[in-house]
Amino acid sequence: MHLLLGGSFLPSQIAGLKAWWSSDYGVEEANGDPAEDTDQVLNWLDRSGNGNTLTGADDATKPQYLVNVMNGQPVVRFVAGASEARAT
């Protein structure tokens with residue numbers, strides 16, 4: 001659960017939401033295997049409940065998972081012109 005303006009919030013509360021990715025949820029280095037610091041990202045699961053998982057295109061272009069980067073939270077880092085992910 002995330003806090004927004006002092007209240008509890010769930011992505012499912014947004015009408016018409018198609019996809020929701022957050023770096024603290026569902027980032028995998030392999031199917032069912034949560035990513036750890038510096039891993040390449042194979043899958044990034046959709047929190048919206050709509051099943052719009054992002055999948056790393058190939059080893060050369062997968063984004064990287066890094067912990068404790070932004071205010072102590074993880075990030076998924078894409079490199080311009082080099083990283084890509086595809087919705088499945």
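Colleague: Which residue stands opposite Glu28 in E5?
Modeller: Asn43. E5 covers residues 43–44, and E3 covers residues 27–30.

Colleague: How do you know that E3 and E5 pair?
Modeller: Two bridges join them. DSSP must find at least two bridges between two strands, so E3 and E5 qualify. They run antiparallel.

Colleague: What are these values based on?
Modeller: This is a predicted model, in which local features need pLDDT of at least 70, side-chain atom pairs count only at pLDDT 80 or more, and totals for chains, interfaces and linings use all residues. Residues are numbered from 1 along each chain as its sequence is written, and side-chain values use heavy atoms, leaving out hydrogens and water.

Colleague: What joins E3 to E4?
Modeller: Two bridges, with the strands antiparallel. E4 covers residues 33–34. Ala30 has Asp33 in E4 as its bridge partner. The hairpin of E3 and E4 has two residues between the strands. In this hairpin, Gly32 takes a positive phi near 75°.

Colleague: How many strands and helices does the chain have?
Modeller: Nine strands and zero helices. Both are DSSP runs numbered from the N terminus: strands (E) need at least two residues, helices (H or I) at least four.

Colleague: Why does Ser22 count as buried?
Modeller: Its relative accessibility is 9%. Buried means under 20% relative accessible area (exposed is over 50%, partly exposed in between; 1.4 Å probe, protein chains only), so Ser22 is buried. Ser22 sits in the loop between E2 (7–9) and E3. Of the chain's 88 residues, 31% count as buried.

Colleague: What makes the Ser22 and Asp24 side chains a polar contact?
Modeller: The value is 2.5 Å. The rule asks for a pair of N or O atoms within 3.5 Å; within protein, one must be able to donate a hydrogen and the other to accept it, and residues adjacent in sequence count only if both atoms are side-chain atoms. The pair therefore counts.

Colleague: Why is Arg47 said to lie over the face of Tyr25?
Modeller: Arg47 is at 4.6 Å from the ring centre. A charge sits over a ring if NZ of Lys or CZ of Arg is within 6 Å of that centre and within 35 degrees of the ring normal. So Arg47 counts.

Colleague: Which residues make up the largest nonpolar core?
Modeller: Seven in all: Val27, Ala35, Val41, Trp44, Leu54, Tyr65 and Val76. Such a core is a set of buried Ala, Val, Leu, Ile, Met, Phe, Trp, Tyr and Cys residues joined through side-chain atoms within 4.5 Å.
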